[in-house]
Amino acid sequence: MALEWVVLGYAAGAEAIMLLLLTIPGLNPLRNGLITVTRNLLKPFLSIIPFCLFLLMDIYWKYETRPVCESPESCSPSEHLRHQKSIMKSQRNALLIACAIVFYWLLYSVTGLVVKVEQLNKRVEKLKQQD
């Protein structure tokens, strides 16, 4: 299962980098290329949503089938430690899932806004040329 988390981490990282590049001021010469690349990658990145749902179900399944350590006598210290590590990993992975989904939503929204701004800038220039 570690490979899935690596893939999700790289996808979330790529989304964050594209989001930063789209929102950094001063990259106007590169902006058209960035918009094109981002718009072309939004559809493949949409597969992150069902992937995240699958990984959430995996976390839930692990939570439901975890060993019960209610009293100190029922579990050895090593089992208790392993259980605590598993809980920490699940929380980290849930945070990664949330970040990947939020970054996708932000990237989708920002890309749409940047495209609208570019269209409005072209209209303004066209109107200025007509006057």
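A word first on what you are looking at. The model is predicted.

Start with the secondary structure. How many helices and how many strands does the protein have? Four helices, and zero strands. Read from the N terminus, the order is α-α-α-α.

Now the annotation. An unreviewed UniProt entry marks residues 6-24, 45-63 and 94-115 as "transmembrane region". Let's take two of those spans. Residues 6-24 are 95% helix and 0% strand. The C-alpha atoms at the ends of residues 6-24 sit 27 Å apart. Next, residues 94-115. That span is 100% helix, again with 0% strand. Its end C-alpha atoms are 32 Å apart.

On to the overall shape. The C-alpha trace spans about 85 × 25 × 20 Å along its principal axes. The radius of gyration is 22 Å, whereas a compact globule of 131 residues would be near 14 Å.

What share of the residues is buried? Of the 131 residues, 24%.

Next, contacts. Take those with a separation of 6 or more: 80% of them link residues 24 or more positions apart.

The accessible surface is about 9,700 Å². Carbon and sulfur atoms hold 66% of that surface.

Last, the charges. There are 14 positive side chains and 10 negative ones. How far apart are the centres of the two sets? The answer is 11 Å.

Terms used:
Residues are numbered from 1 along each chain as its sequence is written. This is a predicted model: local features need pLDDT of at least 70, side-chain atom pairs count only at pLDDT 80 or more; totals for chains, interfaces and linings use all residues. Side-chain values use heavy atoms; hydrogens and water are left out. UniProt positions are given in the numbering used here, feature names are shortened, and annotations may be inferred rather than shown by experiment. Helices (H or I, at least four residues) and strands (E, at least two) are DSSP runs, numbered from the N terminus. The radius of gyration is taken over C-alpha atoms; the globule rule is 2.2 Å times the number of residues to the power 0.38. Buried means under 20% relative accessible area, exposed over 50%, partly exposed in between (1.4 Å probe, protein chains only). Contact means heavy atoms within 4.5 Å. Accessible areas come from the Shrake-Rupley method with a 1.4 Å probe; for residues, only the protein chains shown count as cover. Lys and Arg count as positive and Asp and Glu as negative; His and the chain ends are not counted. The place of a charge is taken as NZ of Lys, CZ of Arg, CG of Asp or CD of Glu.
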